[in-house]
Amino acid sequence: MNILDLVRENIKSLKPYSSARDEYKDATTDTMVFLDANENPFENGVNRYPDPQQNSVKDFLSNIKGISKENILLGNGSDEVLDLIFRAFCEPNKDNIITLPPTYGMYDVLSNINSVENKRVLLTEDFQPKVNQILEAVDKNSKILFLCSPNNPSGNSFSVEIVEELLNKFNGLVVIDEAYIDFSEQKSWLAKLANFPNLVITQTLSKAYGLAGIRLGVCYASKEIISVLNRIKPPYNVNELTQQKAIERLLKVDEVEKEVSEIINQRTLLIESLKSVSFIQNIYPTDCNFVLVKVDDATKRYNQLIAKGVVIRNRTTQPLCENCLRFTVGTATENEKLISALKSL
Ligand SMILES: *Cc1c(COP(=O)(O)O)cnc(C)c1O
């Protein structure tokens, strides 16, 4: 498979917009005078345009993850990264994508915005991909298969063998959304990036890294795929404050690790307490910072919790999630509030 054959015709011939700051990216205001970008010259920390290639942030990520910078693209949240993938590879009103509900809602939203058909192949009852049905759904216009692993909202990871089979047999891009990978026992697919030319991995600083507010999503893929995405991304898609804040956090990954292990401890305690709530019928296994449970009447329980000041997510309208609620793991105090509210119902 030649990945570049999957790219839309208009994108293949596109030249990226060359921004002023692209051209002298290693220069600093100590050695040069910048009169090229019509910026206000009075320094306030953000008067200059940000680095369009986010080199400092990528240096940190490259070190932490052991992935070369040419295999990394950053976006304004994973949501922008996913949208760039759609726009580079899916011809509107012609191509299609494959998603495996119940899953992250953004793939369907983006397919609608981009006018790209979303072929849905439900997961099994224990939330694993159905390989044969997926391969049967594929046609010559199927460009992207989205695998969310660990999966939101079910919480589980997909079997390594199943994912590997899909990577081998699907002749398009396989996007593995690893938003929750830091909470999982399972290893990231990053280690296998070089083995599969069609593998795209997305991660985010929104969950484990505690930076949902700065909007920073990360895409890892072959340098061919990354260079296509670079060609279409808005030049200054990641702002200066986001880049600074991300670097601050990436300098302290040990703090992130501490928080993640505290969240995982809290997850264990929460699951233990949920077992004694009379109307909870099933607690699904989770590799994420949330727990999906099946209750007697999800909408009733959801409204009762709201009345007690606890906001959770009602997933009952999702396929295979009838009467399911999703609880994010909070601090010890927050989780105790959830538990005592549940027990008082
Ligand atoms: C939360 C989440 C994301 C994160 O999206 P951002 O735009 O980076 O905040 C991505 N994928 C899934 C499955 C998620 O649940």
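Okay, a definition before anything else: when I say helix or strand, I mean a DSSP run, helices with at least four residues and strands with at least two, numbered from the N terminus. Also keep in mind that this is a predicted model.

With that naming in hand, let's start with a loop. Proline 150 sits between β4, residues 142-148, and α7, residues 160-169. What is the peptide bond from serine 149 to proline 150, cis or trans? It's cis, with omega near 0°.

There's another one to look at. Going from proline 101 to proline 102, the peptide bond is cis as well, again with omega near 0°. Proline 102 belongs to the loop that runs between β2 (96-99) and α5 (106-113).

Now the ligand. How many residues surround the ligand? The count is 13, and the closest are Tyr180, Thr204, Ser206, Lys207 and Arg215. If you sort that shell by class, you get four nonpolar, five polar and four charged residues.

Tyrosine 180 puts a polar side-chain atom 2.6 Å from an oxygen atom of the ligand. For threonine 204, an N or O atom in the side chain is 2.6 Å from a ligand oxygen. Lysine 207 has a side-chain N or O atom at 3.3 Å from an oxygen atom of the ligand.

Arginine 215 isn't a glycine, yet it has a positive phi of about 60°. You'll find arginine 215 in the loop between β6 (199-204) and β7 (217-220).

So which helix gives the most to the shell around the ligand? That's α4, residues 77-89, with three residues.

Stay with α4 for a moment, and look at how it meets α8, residues 223-232. Their axes come within 10 Å and cross at roughly 95°. Angles of 65 to 115 degrees count as roughly perpendicular, so that's what we call α4 relative to α8. On the α4 side, the contact is made by Leu84, Ile85, Arg87, Ala88 and Phe89, and α8 brings Ile225, Val228, Leu229 and Ile232. By class, that contact has eight nonpolar residues, no polar ones and one charged.

Conventions:
Residues are numbered from 1 along each chain as its sequence is written. This is a predicted model: local features need pLDDT of at least 70, side-chain atom pairs count only at pLDDT 80 or more; totals for chains, interfaces and linings use all residues. Side-chain values use heavy atoms; hydrogens and water are left out. A residue is near a molecule or strand if one of its heavy atoms lies within 4 Å of it. A polar contact is a pair of N or O atoms within 3.5 Å; within protein, one must be able to donate a hydrogen and the other to accept it, and residues adjacent in sequence count only if both atoms are side-chain atoms. Ala, Val, Leu, Ile, Met, Phe, Trp, Tyr, Cys and Pro count as nonpolar, Asp, Glu, Lys and Arg as charged, and the others, Gly among them, as polar. Axes are lines fitted to C-alpha atoms, for helices over the stretch in contact, and angles run from 0 to 180 degrees between N-to-C directions. Angles under 35 degrees count as roughly parallel, over 145 as roughly antiparallel, 65 to 115 as roughly perpendicular and the rest as oblique. Contact means heavy atoms within 4.5 Å.
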